Amino acid sequence: MKQYKVIHPHQSNYPDPIVLVKGDIVHYGEEDTEFPNWIFCESIESKKRGWVPKQILSTPNEEQMAKVQEDYSALELNVIPGTIVQKERELNEWSFVHTTEGEKGWVPNKVITPLEQ
């Protein structure tokens, strides 16, 4: 996995993130205007709300309900400049990364840069 260096701090605005498992049903809300393809959803089961990538949701039905197609956590990682992370996945201008200490979460791509090898 490629390593990245954090160049700007990132602090989560959602300390209690939505966590979903494949097959969960969510209320399909509005799409983010700053980061397209992120949909604000509410879990029917837990009632938690948060941003979910459009790519893991089925097309919403008439009642604006959609099925989650893979396990997902909206946990954002709080990072400071100089932190080294490894990218596991990238979606819609955000990356799911982990630190050498084992912390995992999403950060916006604009706060990381590839580490020179």
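**Ground rules.** I am working from a predicted model, where local features need pLDDT of at least 70 and side-chain atom pairs count only at pLDDT 80 or more, while totals for chains, interfaces and linings use all residues. Residues are numbered from 1 along each chain as its sequence is written, and side-chain values use heavy atoms, with hydrogens and water left out.

**Strand 9.** I started with strand 9, residues 94–99; strands here are DSSP runs of E, at least two residues long, numbered from the N terminus. Six of its six residues are buried, meaning under 20% relative accessible area (1.4 Å probe, protein chains only). I found Trp94, Phe96 and His98 on one side, with Ser95, Val97 and Thr99 on the other.

**Its partners.** Next I looked up pairing, which takes at least two DSSP bridges between two strands. Strand 8 (residues 84–91) runs antiparallel to strand 9 over six bridges, and Leu91 stands opposite Trp94. The hairpin of strands 8 and 9 has two residues between them, and Asn92 in the turn has a positive phi of about 55°. On to strand 10: five bridges join it to strand 9, again antiparallel, with Trp106 as the bridge partner of Phe96. Four residues lie between these two strands in their hairpin, where Gly102 in the turn shows a positive phi of about 95°.

**Ile56.** I then visited Ile56, in the loop between strand 5 and strand 6. Ile56 counts as buried because its relative accessibility is 1%. Its C-alpha atom is 6.2 Å from that of Glu70, 14 residues apart along the chain.

Terms used: Buried < 20%, exposed > 50% of the residue type's maximum accessible area, 1.4 Å probe, protein only.
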